[in-house]
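Open the model in your viewer and keep the selection tool at hand. The stops below go from confidence to cores, then to a helix and a sheet.

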Amino acid sequence: MSTDNRTVVLEVSGVQWASSKAVVEATLRRQPGVVSVEANPVAQTANVTYDPETTSQAHLRRWILECGYHCAGQSVPQHICDPALDRALKSAATEPGADAAATPGSAARPTNVDHAHMDPKAHAAMQHSGPMTAAGGPATGDSHAGHPAPSRTSQDVMGHGGGHAGMSMASMIRDMRNRFLVASILSAAIILWSPIGRQVFGFTVPAPFGLRDDVFSLILSLPVIFYSAWIFFDGAFRALRARTLDMMVLVAVGVGAGWIYSLAVTLTGGGEVFYEAATVLTSFVLLGHWVEMRARGGANDAIRTLLELAPARAIVLRDGEPVEVPTAEVVPGDLLLVRPGAKIPTDGTVEEGDSDVDESMVTGESLPVAKSTGSAVIGATVNTTGTLRVRATKVGADTALAQIVALVQEAQNSKAPGQRLADRAAFWLVLVALIGGSLTFAAWLLLGATPQAALLFAITVVVITCPDALGLATPTAIMVGTGLGAKRGVLFKNAAALESAAHIDTVVMDKTGTLTKGEPEVTDFIEVGIPRQELLALVAAVERESEHPLAAAVVTYAEAQGAEKIAATEFRNVPGHGAGATVRGRRVLVGNRKLMAAESVDISAIADQREKLASTGRTAVLVAVDGKAAGVIALADAARDTAQAAITALHGAGIEVAMLTGDNEATAQRIATMLGIDTVIAEVLPQDKSAKVAELQAAGKKVAMVGDGVNDAPALAQADLGIAIGAGTDVAIETADVVLMRSDPLDVAIALRIGKGTVRKMRQNLGWAIGYNAIALPIAAGVFAGVGLMLSPEIAAISMSGSSAIVAINALLLRRLRLPAQPKQSASHPVDTPREPTAAEVEQGI
């Protein structure tokens, strides 16, 4: 098998029950080329890792359809085309059985492929030509990419027995509600004409048309069994065909056993029947899962919000004229017109115009970002002030939004180690329920109970042991946790990252680019013998002629101080030393001690100030005017606005903070003192960073490494949790487990807080699910019948469903998690040199 495996997030609609994900996973895992499958019943999606040399997405979709679920292809926004659409369709068209795969909507959103590799004309020709279905595929009868959509099968029309083919979660919830209403209304009538109605409620109206009560109840039960409860039987059939066991099997056995027994009694002359037990059981199961599905629908709000961010329409300039087209028809190279207040349709580069863009919905950054010619823009962000002309560079599944969605979905679908154990336990719990029900039935018969009483105990055991709550325990918490992070620009790559975040006790932070901005800034300006504003103007005049980054920082500082802008002549740059120029007839030098010595300038008047500033890690630049020392300028890197708040928040959570840097010891200690960092590891070579992390781990620490550069990648991989600053390199982001889109160090504390909160909910849910079954099983089996503690199948059904709903609602409470807030007033604090200098470079100054 090829080592170049691919992972895709596929929509798998119709997974009504948490335990039914096992059907999808079991079916796909047995197919050639499939490496791993992680289905998520909450998100109705699945992560599928496969070998592209052995199988394809067309095959994956067909296999999903064969196990009875609807597959809408890759999960990206409905109105955004997928770059691989035509390729997947061509592949499907040439493969055996392709017709079976090409169901309506099944090719709507295949895999990620670079859009730039496509012919724009071919791309434009493959766009949606008709309305979209709820699942995002083309409506029945429409054509897509030149391929006619095949007619719907009877299975599609019937909803593969469950009526949920291609349905959105909202549609599935409505369908569940409708089934419940039918079952509950007819169950009420059946109860009236049952022994309960006659003996308990005193109902005396005879059955119509002279029918026996049991015959009339049989007629009333038919819509309940063949409509409301049909999803149970259909799901059980699909689970058994996939050679697995899930909740559907248990409910089908419980409902089917009571109804079939009653049918046999009715057809053989009448007697004690259980039509009311079977129909009320159906009603309660549907009621509980209607409530549960509403709760899990809320868990998916974050990803749904992300999917809906992209605008449906775009204005493309063609021959200089604006033309409004669907966003799906935009191709790389198109010139887009983006007016104030409009969303930018897709990723691109500004070709003309100046504006501020609100990127908060994608990156979490609260302040608008200035954009001008040459600036990169992100699709789905909002243009606020000016009109922009943007050249599209990435579209469809290649855009930043689509990749963020894919990253969040992969994290939501991934399984935490605890959930993998719970999934295995769920399978065995179903088997235990079936065996336990059989043993309960036999035991009560041996104890002298009637077949009817023994059957009721057996049905109760089967129903109450359903492992749905166990299946929902962690996926729902993971959904809410990753969604909560996504809203703050904190992207977890998988569930393991969430679990790791909960156990971190030491955070190691890189300095430059993580705690600091990586940009030099003036921290001190000391003048000697010349008025401050005059000296600032003279120095800035010289520095404007230089391309050195420190020179730019000096100019910025002078302009911010209101210094007069004047011109310099006879500029001369001295590499490694500094620069000089003539300004208004005065000779001005700006540089280090070597420059001053070469120009025979006596610096004794400023030597003490220079030594004091340099000893704290600042870069000290000397100024001389007309051969005399006139001042000292100190420069340092600017700390990120929230660096100190981040350290405070981590300390508040009981987490130790260490700083790992290649800087000299003096610089590192100064930063540590200013920000309150516990441990300083200075003068570390890039290749040794991972070894330092390993040393902390060897001391028993659970370490999170935060970095942004290529040289941080090995340390990110070594750490228990790698956290990449979003503005960092691609290598760092690929290596890390968590990505901070806003490049805000405070988000480190937020990520760890979300991890702890999520794991706490996962443990609560697993504890509840396991404890519930452990307590309920002996009660259902009638072990405590002697003291009057018994459960009927109906009560077992509602308590089982209620258990699942409690798990889902408990996970939703994670939304109330209190996260570290940004300080109300923040200012940029220069704390360090702009790069990691050697002692010689500090000595040189500039």
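Predicted model: local features only at pLDDT ≥ 70, side-chain atom pairs only at ≥ 80, totals over all residues.

Residues are numbered from 1 along each chain as its sequence is written, and side-chain values use heavy atoms, with hydrogens and water left out.

**Colour by confidence.** pLDDT is the predictor's confidence in each residue, from 0 to 100. The protein chain averages 75, and 74% of the residues score at least 70. Helices (H or I, at least four residues) and strands (E, at least two) are DSSP runs, numbered from the N terminus.

**Select Phe232, Val255 and Leu286.** In the largest nonpolar core, which has 51 residues, these three touch the most other members. Such a core is a set of buried Ala, Val, Leu, Ile, Met, Phe, Trp, Tyr and Cys residues joined through side-chain atoms within 4.5 Å; buried means under 20% relative accessible area, with a 1.4 Å probe and protein chains only. Helices that each supply at least two residues include α8 (169-192), α12 (247-267), α13 (275-299) and α30 (746-780). The most come from α12, with eight residues. Now centre on Val255: leaving aside neighbours within four places in sequence, Val255 is in contact with Ile225, Ala229, Phe232, Phe233, Ala278, Leu281 and Thr282. Another core, of 49 residues, lies apart from the largest one; select Val507, Met509, Ile647 and Met762, which are among its members.

**Select Asp234.** This residue is found in helix α11. Why does Asp234 count as buried? Asp234 counts as buried because its relative accessibility is 10%. Its side chain makes a polar contact of 2.8 Å with that of Arg238 (a pair of N or O atoms within 3.5 Å, one able to donate a hydrogen and the other to accept it; residues adjacent in sequence count only if both atoms are side-chain atoms).

**Select β12, β11 and β14.** In that order, these three strands form an open antiparallel sheet; strands pair if DSSP finds at least two bridges between them. The edge strands, β12 (369-371) and β14 (382-383), each pair on one side only. Strand β11 (residues 355-358) is joined to β12 by three bridges, and Val357 has Val369 in β12 as its bridge partner.

Definitions and conventions
Buried < 20%, exposed > 50% of the residue type's maximum accessible area, 1.4 Å probe, protein only. Contact = heavy atoms within 4.5 Å.
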